[in-house]
Amino acid sequence: MPIFSLSDFAKEQLQAVQDYSLLAGRSVSNLFAQPRYFADTLLQADLVGVGSLPIVVLTGFFTGAVLALQTSSTLQQFGSLSLTGQLVSLSMVRELGPVLTGLMVAGRNSSGMASELGSMKVTEQIDAMRAMGVDPSKKLVTPRVFAAVVMLFFLSIISDLVGLTGGFMISYLLLGLDANQYWTTAYQSLRFGDVVMGLTKPAIFGFIIATIGCYYGLSAKGGTQGVGRATTQAVVAASVLILVSDFFLTRLLMGFFQY
Amino acid sequence: MPGTDLPVAERKPSLSGGAAPIIRFDDVAIAFDHPVLEGVSFGLPRGETKILMGVSGTGKTLILKLALGLLKPDSGKIIVCGEEITSMREEQLFDLRRNIGMVFQESALFDSLNVEENVAYRLIEETGDVTEEIHQRVLEALRFVELEHTVFLFPSELSGGMRRRVGIARAIITNPEVLLYDSPTGGLDPVTSNTIIELIVKQRDLYRTSSLMVTHRLQDAFTMASHYFDREQNKMLPNTDSSRDLHTTFLILRDGKVIFEGTAPELLRNHDPYIREYLS
């Protein structure tokens, strides 16, 4: 009797991709069908948005600060210390703001969604919901996806701003840069494409975070151990997918805006 | 002892609607890693209660999930409330399921909602909030299971038996045409089990709701087949009148196949060695 079957493994992976795609598709199509769960969406927006604010602010601030600190010595060698604001601004808005926010929220909310829905799955609450004529994808998945997409968009903006402030604190207090110079270079260096790139990514990352969290939660089996496994897998999968999709999105948008 | 208050004022009798079985399985088969159900066929006439029995892993709970459309069979046909559900999409099944109440093995109450929100879950889905009318219906359903005082408690604050009773209240609040009970007394002490069985008998005899009940406990099954609910005395009594039809039959599964279907006396007269051993 074979211990490991390659074809079975391939089938399982294919099935998982298919199930995930169907769930992700339904989470979007549900937006255009009744019933819509506004109260659940608001609750999720609060959990994802307000709940994640402290870690996003802390991450953004110290990332911006360390970025200014690390790059200052190199820029000083070329006599371009005045470009610190530009460097922090472009790095935060185009890349670090959305990606770090995505990773933080993935660690916090993908796991939360997977464990919550996973617990409901293994205690038959999802079956009970279906048995009472309620569509779990409408009631549980779509509010989480919508809330994550919208909230990540705003969280990234906050992260960018706080990151720029962190960079400014270092530039002004440690490097002795002029405040006006910092903010002017930071602002003037941003092009339309940079802002679009910085605001497109979080929406995609929010979608990944919520759909992955919900998918692993709804696929959980095997009691509490299964819920734990689903939670870990959700965080890993969401984080990896964020980084991979970031690369392709960057390439795509760079091509689009002709960088 | 459960009270006789009607859970809902406008209860409708479930015997209407012709002689066709309210649930019919035709040659149903389903397999996971191995075949679980093979060629299962039976019908549940309107107003009747059918008790599904068999050893663990023989597919009893699976039959309930198939009847509810939570799972699709590999082959065969399942007809519920006159509709063939095997070919229906999930969205279509949601409407059908509103006519069916299910009591889950471990209650499956929503642990983040209180008892009132759990019991009224279906109604809140339609109205969006707990209105005064819904609150009254919840109280009536809870009165039926003698748990009116738990309305604002959370499932974690209830005992196992109380959770099952809340599960029953949740299942009956919308006056479903069919009730599915998945081991409603599993893991409970004999006294609490008897309370649950009395509620099921009460539901059967007062409202004649068609029911499928899975149980491992022979004692519960035979109590149901030999007792009736007396409205005047407000309690379950042994049936001494042989002319009284309790509308309760048995179905026994073995290795995913139906090996017996009939009444309690027929079951007791059966000479099949497996059934004799199962009953002993």
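What follows is a conversation about a predicted model.

Me: Let us begin with chain A. How many helices and strands does chain A have?

Reply: Chain A has eight helices and zero strands. Read from the N terminus, its elements run α-α-α-α-α-α-α-α.

Me: What does the C-alpha trace of chain A span along its principal axes?

Reply: The C-alpha trace of chain A spans about 65 × 50 × 35 Å along those axes.

Me: And what share of the residues in chain A is buried?

Reply: Of the 259 residues in chain A, 41% are buried.

Me: What share of the contacts in chain A with a separation of 6 or more is between residues 24 or more positions apart?

Reply: Such pairs account for 89% of those contacts in chain A.

Me: How do helix 3 and helix 5 of chain A cross?

Reply: Helix 3 (residues 84–122) and helix 5 (residues 136–173) of chain A have axes that come within 7 Å and cross at roughly 145 degrees. The crossing of helix 3 of chain A with helix 5 of chain A is right-handed.

Me: Which kinds of residues make up that contact of helix 3 with helix 5 in chain A?

Reply: The contact between these two helices of chain A is made of 14 nonpolar, 12 polar and two charged residues.

Me: Where in chain A is there a cis peptide bond?

Reply: The cis bond joins A:Gln34 and A:Pro35, with omega at about -10 degrees. A:Pro35 sits in the loop between helix 1 (6–29) and helix 2 (38–77) of chain A. As background, most peptide bonds are trans.

Me: On to chain B. Which strands form the open sheet, and in what order?

Reply: Four strands of chain B form the open sheet, in the order 2-1-4-5, and their pairing is antiparallel. Strand 2 and strand 5 (83–84) of chain B are the edge strands, each pairing on one side only.

Me: How many bridges are there between strand 1 and strand 2 of chain B?

Reply: Strand 1 (residues 23–31) and strand 2 (residues 35–44) of chain B pair in the antiparallel sense over six bridges. The two strands of chain B are joined by a hairpin of three residues. B:Ala31 has B:Pro35, in strand 2 of chain B, as its bridge partner.

Me: And how many bridges between strand 4 and strand 5 of chain B?

Reply: Strand 4 (residues 75–80) of chain B pairs with strand 5 of chain B over two bridges, again in the antiparallel sense. Opposite B:Ile79 stands B:Glu84, in strand 5 of chain B.

Me: Which strands does helix 1 of chain B lie across?

Reply: Helix 1 (residues 60–67) of chain B lies across strand 1, strand 2 and strand 4 of chain B. Helix 1 of chain B runs at about 120 degrees to strand 1 of chain B.

Me: Which residues of the largest nonpolar core touch the most other members?

Reply: That core has 73 residues, and those touching the most other members are B:Leu52, B:Ala67, B:Met102, B:Val119, B:Ala169 and B:Leu180. Helix 6 (residues 160–172) of chain B gives the most to this core, with six residues. Apart from it lies another core, of 52 residues, including A:Val93, A:Leu100, A:Tyr182 and A:Phe205.

Me: Let us look at B:Leu180. Where is B:Leu180?

Reply: B:Leu180 is in strand 7 (residues 178–182) of chain B.

Me: Why does B:Leu180 count as buried?

Reply: B:Leu180 counts as buried because 25 C-beta neighbours lie inside 10 Å, and the cut-off for buried is 20 or more. Leaving aside neighbours within four places in sequence, B:Leu180 is in contact with B:Leu64, B:Ala67, B:Leu68, B:Ile100, B:Met102 and B:Leu212.

Me: What about B:Arg208: where is it found?

Reply: B:Arg208 is in the loop between helix 7 (190–207) and strand 8 (210–214) of chain B. Its phi is near 50 degrees, a positive value in a residue other than glycine. B:Arg208 is partly exposed, with 16 other C-beta atoms within 10 Å.

Me: And what is phi of B:Asp255?

Reply: Phi of B:Asp255 is also near 50 degrees. B:Asp255 lies in the loop between strand 11 (248–254) and strand 12 (257–262) of chain B.

Me: Lastly, how many residues of each chain are in contact with the other chain?

Reply: There are 11 residues of chain A in contact with 14 residues of chain B. On the chain A side, these residues divide into four nonpolar, three polar and four charged.

How values were computed. Residues numbered from 1 in each chain as written. Chains lettered and ligands numbered in written order. Predicted model: local features only at pLDDT ≥ 70, side-chain atom pairs only at ≥ 80, totals over all residues. Core = buried A, V, L, I, M, F, W, Y, C linked by C-beta atoms within 7 Å. Buried ≥ 20, exposed ≤ 12 C-beta atoms within 10 Å, placed from the backbone. Contact = placed C-beta atoms within 7 Å. Nonpolar A, V, L, I, M, F, W, Y, C, P; charged D, E, K, R; others polar. Axes fitted to C-alpha atoms, helices over the stretch in contact; angles between N-to-C directions. Left-handed = near helix turned anticlockwise from the far one by under 90°. Pairing = 2+ DSSP bridges.
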